[in-house]
Amino acid sequence: MTKARRVGKVSSQGKWICDGEPKNNDQSYVGTGSHAPHDNYGPDCSICGLPREAMQKKTVMSGKGVKIPRFSLPILVAIALLVLLGGGVSWYLATRDNQTQPVTDNETPTPTSPSPQNSTALLSDTASPSNASLMSQGEKILLDTTSAKQAGAAAFAQQDWDQAIAQYQQATTSDPNDPESKLYFNNAKARQIGNPLAIAVVVPITPSENEAKEVLRGVASAQAEFNASPTPANRLLEVIIVNDDGTGKTASLAEDLIQFPTVLGVIGHGVDAGTRQAIAQYEKAGLAVISPVSTNVTPDPTGQSILKTISLAQQDQELLTTYLQQVGETLANYAAQQSSPASVVVFYNSDSPYSQALNAQFTAALSQGKGKVVKTVDITANPNIDPAGEIQSATQAGATMAFLALSKNKVDTAIALAQANAAQAENPLGLIGGDELYNPTILIQGGDAIAGMVLAVPWSWQPDNAFAQEAAQIWRGRISWRTTTAYDATDALTTALSQNPTRTGVYQQLNQGIPISGTAQDFNLFNQIPLVKAVPGSAGPTGSRYQFDPVQ
């Protein structure tokens with residue numbers, strides 16, 4: 001990547017405390033409400049958005065405070081990461097009423113002081129035995145394996161950096177689309193120079209390998225950019241890959257990261273109960289984490305997008321609900337544009353809170369004068385669902401479109417419905433769906449049956465987007481929103497590392513805000529949700545004759 005290194009906002013006025021209540025009764029200062037006293041280092045409170053001046057007891061103010069609307073944020077790293085982490089919306093909705101108690105704002109984070117280690121130590125050497133196989137800096141392969149990657153891992157484990165670099169470079173050349181090889185290649189170079197800056201990325205390799213790869217591509221791109229122009233001390237970035245395998249180890253993986261002293265920041269995790277426990281651990285330890293429940297992006301007074309970490313206790317519990325409302329509104333509007341009034345059959349699975357919520361939000365939006373749902377089908381009510389019979393029944397009920405409000409574990413059913421629909425000789429239904437159907441399986445196995453399918457997604461590839469074009473060259477194919485937001489997250493973290501390469505320094509920098517610009521955050525999810533359509537093309541995954549293009 002060629003973006004210029006970004007510099008965060010640093011206050012020269014030291015620490016100040018905000019409780020969300022302006023001290024001069026000036027109503028021009030508008031925040032998001034009162035909260036526990038919170039230490040700030042930048043010009044605005046990282047929780048409520050009030051400026052430093054609002055905490056000064058004056059009868060006359062020389063300027064107005066910054067009003068930050070409840071949902072005036074450009075695309076969240078949070079939103080994109082929640083989608084990439086294996087159905088994060090589902091996890092959130094399923095666990096929001098059963099949450100781990102977080103660290104409160106009046107508990108000052110205390111940076112951990114784990115036992116000193118040799119700078120050449122590996123996380124997997126010190127992690128709990130049950131977790132060691134789930135993490136790698138280059139000494140083991142967690143994704144697709146090849147002979148070159150295995151040779152690279154063996155050399156890395158023996159600290160033979162020349163051989164590790166050569167083997168991982170060969171693996172990268174053989175498969176340019178593989179982010180693991182590229183990350184380990186750069187890790188080996190970082191270790192060869194010595195004293196690397198280490199961060200960890202936690203991804204769901206076991207349950208959602210494709211999504212994990214998309215995230216790792218964004219991280220790898222940011223790592224390569226950072227290492228091309230290292231810090232004045234010539235310290236390169238090392239990325240530790242951690243596989244959150246979905247077996248309930250999230251909290252213990254977090255503890256291993258906390259106890260490994262060279263880890264200066266973490267990217268990833270989901271929004272399930274285990275994640276919330278992990279985030280609370282990170283907060284208490286003073287280890288910065290960019291995750292769905294710890295990070296948002298807000299505009300500063302100049303309009304610059306600022307990524308900030310937020311306290312688990314202060315996160316907005318309605319954020320994801322608002323996102324799904326917007327998805328429902330966007331798809332309802334699209335359906336009405338295709339046929340006014342729209343007549344839609346909705347297929348959903350009641351075993352998924354995500355699917356249930358998406359169905360409810362779409363139905364509510366469509367009922368506002370845009371059309372009606374003529375039939376609703378819960379595919380979990382009948383394990384032996386007859387796709388052809390359901391499509392025929394929906395057509396007889398007057399449906400002209402089918403909304404596949406299905407979770408990603410029902411992709412096979414979505415494909416079966418699409419195939420049954422395509423086999424209908426006359427007037428097949430138009431197909432629409434949510435972001436969890438945006439995956440290679442739909443394009444590869446769906447074939448001609450999914451031609452014209454329209455999905456609402458957090459970010460869509462645009463032909464004139466310089467970042468997307470450059471990334472497509474690097475990865476030999478189009479990237480997804482998961483890649484762009486992972487890049488933004490890593491770029492923000494490395495910006496903080498550049499300014500103060502310590503845990504405390506990174507934590508404080510992200511707490512006061514790091515400017516980001518130029519990639520996914522150009523979209524505002526709460527004003528519009530991008531739509532993509534499956535069309536013939538060669539830019540899709542290997543084995544598919546289709547690709548997703550933006551709906552103009």
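This is a predicted model: local features need pLDDT of at least 70, side-chain atom pairs count only at pLDDT 80 or more; totals for chains, interfaces and linings use all residues.
Biologist: Which residues of helix H4 are the buried ones?

Modeller: Within helix H4 (residues 147-157), they are Ala148, Lys149, Gly152, Ala153, Ala155 and Phe156.

Biologist: What puts these residues on the same side of H4?

Modeller: Around the axis they cover an arc of only 165 degrees, and therefore they lie on the same side of H4.

Biologist: Why is Ile205 called buried?

Modeller: Its relative accessibility is 4%, and since buried means under 20%, Ile205 therefore counts as buried. Ile205 is placed in the loop between strand S4 (197-203) and helix H7 (209-228).

Biologist: Which residues does Ile205 touch, not counting those up to four places away in sequence?

Modeller: With those left out, Ile205 touches Leu142, Leu143, Ala212, Ile241 and Asn243; contact here means heavy atoms within 4.5 Å. Leu143 stands 62 residues apart from Ile205 along the chain, while their C-alpha atoms are separated by 7.4 Å.

Biologist: Which residues have the most contacts inside the largest nonpolar core?

Modeller: They are Val201, Val203, Ile241 and Leu510, in a core that has 42 residues. Another core, of 32 residues, lies apart from it, and includes Ile391, Tyr438, Ala449 and Ile450.

Key:
Residues are numbered from 1 along each chain as its sequence is written. Side-chain values use heavy atoms; hydrogens and water are left out. Helices (H or I, at least four residues) and strands (E, at least two) are DSSP runs, numbered from the N terminus. Buried means under 20% relative accessible area, exposed over 50%, partly exposed in between (1.4 Å probe, protein chains only). The arc is that of the directions from the helix axis to the C-beta atoms. A nonpolar core is a set of buried Ala, Val, Leu, Ile, Met, Phe, Trp, Tyr and Cys residues joined through side-chain atoms within 4.5 Å.
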